[in-house]
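Happy to walk through this one together. Shall we take it question by question?

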Amino acid sequence: MFFACSKPPEYDEETHRPSTSVFTNTPLKVDDRPYVAVNTKLNQEECQAKFMEIVKYYNDVIMTNALVFSETAVLKAQKMIHDIECERGQLYNPIPRSMNPLDTRSDFFRYVLKKVEDLQNVLEYQHKQLSYFYTRYKREYHNVSILVIILSSAMSLVEGITLVFNPHNKATPVVMLGMSSTIAITTSVLKFRNTKEKIEGIIKMKEKIQMCQAKLFTFDKELKTSLFLSPSSTSNVHTE
């Protein structure tokens, strides 16, 4: 099964709490009026070209993912992420604050902004899943490496003690053989599972996702700035 591209669960936007300051309990008055676009003369063709370039990079990141995890492992990762999010919500208990809607006065820009938000959510959730698998394989690799180090040191210690106190002890070769066999088996299993290669693959995939997130973030902020903060000075959307 290939890496899941499921979207994270949406937050409950119907729950409403009064907005308060983080420093005092004084309610803050928030203007709920939508932000209206003040610059409607943006070049849509150039904006579309920039957006499609990012979408192409996003598709390359998703489709070139060669990491394969079992369905059980993916479901376990999703459950772990859900439990962590729930625990964080209970400990931190943030105050949900709905964002003011953006009135772009254009279906084109409304679609682009919504699509960028969806892509960012998918990438963020994938990054969390990759972090889970990275921690899992990294822990496995470290545990086996520490076990090999301990057994190797114990072999040297047992051999030295035997030579000093009882060179003719017949049990020592059996213990040494058991330790060496354990080292050989654990290292062979680790190599067979390609744990180190999986860790490197996860790191590369996370770097690609972070790069795609940076492109989407830059495009999103500059597009919103051009729409809502630049009435006359900005005529094109530049993402680089």
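What follows is a short exchange about this model.

This is a predicted model, where local features need pLDDT of at least 70, side-chain atom pairs count only at pLDDT 80 or more, and totals for chains, interfaces and linings use all residues. Residues are numbered from 1 along each chain as its sequence is written, and side-chain values use heavy atoms, with hydrogens and water left out.

Reader: In what order do the elements of the protein run from the N terminus on?

Author: Glad to start there. Helices (H or I, at least four residues) and strands (E, at least two) are DSSP runs, numbered from the N terminus. The protein has five helices and two strands. From the N terminus on, the order is β-α-α-β-α-α-α.

Reader: How far apart are the end C-alpha atoms of helix H4?

Author: The expected span of a helix is 1.5 Å times one less than its number of residues. Helix H4 (residues 171-192) has 22 residues, so it should span 32 Å. The model agrees, with its end C-alpha atoms apart by 32 Å.

Reader: What arc around the axis do the buried residues of H4 cover?

Author: The buried residues of H4 are Thr-172, Met-176, Met-179, Ile-183, Thr-186 and Leu-190. They lie on the same side of H4, because the arc (taken from the directions from the helix axis to the C-beta atoms) is only 100°. The face turned away from that buried side carries the exposed residues Val-174, Leu-177, Ile-185 and Phe-192.

Reader: Which residues make the nonpolar surface patch of about 460 Å²?

Author: Patches are made of residues with over 30% relative accessible area and no salt bridge, with like charges joined within 9 Å and nonpolar side chains (Val, Leu, Ile, Met, Phe, Trp, Tyr) within 5 Å. Areas come from the Shrake-Rupley method with a 1.4 Å probe, and for residues only the protein chains shown count as cover. One member, Leu-157, is found in helix H3 (residues 107-165) and counts as exposed because its relative accessibility is 53%. The patch is made by Leu-157, Ile-161, Val-164 and Phe-165.

Reader: Where in the chain are the partners Glu-140 and Arg-193?

Author: A salt bridge is a side-chain nitrogen of Lys or Arg within 4 Å of a carboxyl oxygen of Asp or Glu, and the structure holds six. In the one between Glu-140 and Arg-193, the closest N and O atoms are 2.8 Å apart. The pair links distant parts of the chain, 53 residues apart: Glu-140 is in helix H3, and Arg-193 is in the loop between H4 and H5.

Reader: How many residues apart are Asp-83 and Lys-79 in helix H2?

Author: Their side chains meet in a salt bridge (3.1 Å, N to O). Asp-83 is partly exposed at 35% relative accessible area, whereas Lys-79 counts as exposed at 54% relative accessibility. Within helix H2, Asp-83 and Lys-79 are about one turn apart, that is, four residues.

Definitions and conventions. Buried < 20%, exposed > 50% of the residue type's maximum accessible area, 1.4 Å probe, protein only.
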